[in-house]
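Work through the following exercises with the sequence and the model at hand, and try each task before reading its solution.

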Amino acid sequence: MMRRTTLALIGAMMAALAGCASYKPVAPAFHAVLNQPYRLDSGDVLRVTVFEQTGLTNAYPVDKAGYLSFPLIGLVPARGRTTHELEQVLADRLRGGYLVDPDVTVQVDQYRPFFIMGEVTTGGQYTYVPGMTVQKAVAIAGGFTPRAEQESVDITRQVGGRILTGRVLTSDPIVPGDTLYIRERWF
C-alpha cells in the first residue's frame with residue numbers, strides 16, 4: 001500500500017512539473033522572417049526621395065491602415081511591401097501624368113516600435129534599432145527585475161499575416177513590431 005502511495009505521489013509531482021515545462025520549439029517561419037527583406041507596416045516612417053523634386057522629397061509615416069499619403073497621387077498601400085516594391089509603385093503612379101521619368105528611392109527613416117512587458121524595470125513601447133536583440137531590448141527597458149526568468153523570453157511576432165508566439169534565448173534578434181514578455185522565474 002505504501003509503495004502505491006509513493007508511486008502515485010511521484011506521478012502527481014511529475015505531472016505537475018510537466019505542466020510547468022510549457023516550452024515548445026518555435027515555428028520555422030518565426031526565424032525565417034529574420035532573413036527576408038523588411039516588410040513595411042503601420043508605425044514605420046519612410047524617407048522618400050524623388051530626384052530633382054524637393055517638394056516631394058520628405059519623411060512620410062505609414063498610417064494605421066497601412067497607407068502612405070503622398071503628394072499628387074494620394075494614398076498608396078505600403079503594408080506588406082518592401083522599400084524596393086514601394087519605390088516601383090510610387091514611380092509608376094508619378095509617371096502616370098505628373099513626371100516623365102521619376103527616380104524614386106525609399107528608405108526606412110524610423111522603424112515601428114517594439115513592446116516589452118513582464119519582469120522588466122520599465123515595460124512599454126520603445127524605438128526599434130536595427131540589429132537589436134532581446135538582451136538589448138531588456139537593457140533599454142531598465143533591465144530585469146530580481147524575479148525575472150533571464151534565460152529565455154516569449155516573443156509574439158506577426159509573420160505573413162499570422163500571429164506567432166515563441167520562446168527564444170535572450171541572444172536572439174528581434175524585429176520591429178515584436179512584443180516581448182519576460183516571465184517570472186519560479187525558483
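**Exercise 1.** In what order do the five strands of the open sheet lie?

The model is predicted, with local features requiring pLDDT of at least 70 and side-chain atom pairs pLDDT 80 or more, whereas totals for chains, interfaces and linings use all residues. Residues are numbered from 1 along each chain as its sequence is written, and side-chain values use heavy atoms, without hydrogens and water.

Taking strands as DSSP E runs of at least two residues, numbered from the N terminus, and pairing as at least two DSSP bridges between two strands, the order reads β7-β6-β10-β8-β9, with mixed pairing. Next, look at the edges: β7 (124-126) and β9 (162-169) each have a single partner strand, so one side of each is left without a neighbour in the sheet. Finally, follow β6 (residues 114-118), which pairs with β7 in the antiparallel sense over three bridges; here phenylalanine 114 stands opposite tyrosine 126 of β7.

**Exercise 2.** Is proline 176 buried or exposed?

Begin by locating proline 176 in the loop between β9 and β10 (179-182). Its relative accessible area is 7%, so proline 176 is buried, a term that means under 20% relative accessible area (1.4 Å probe, protein chains only).

**Exercise 3.** Which residues is proline 176 in contact with, leaving aside its neighbours within four places in sequence?

With contact taken as heavy atoms within 4.5 Å, the partners are Tyr38, Tyr111, Arg112, Pro113 and Tyr128.

How values were computed: Helix = DSSP H or I, 4+ residues; strand = E, 2+ residues; numbered from the N terminus. Buried < 20%, exposed > 50% of the residue type's maximum accessible area, 1.4 Å probe, protein only.
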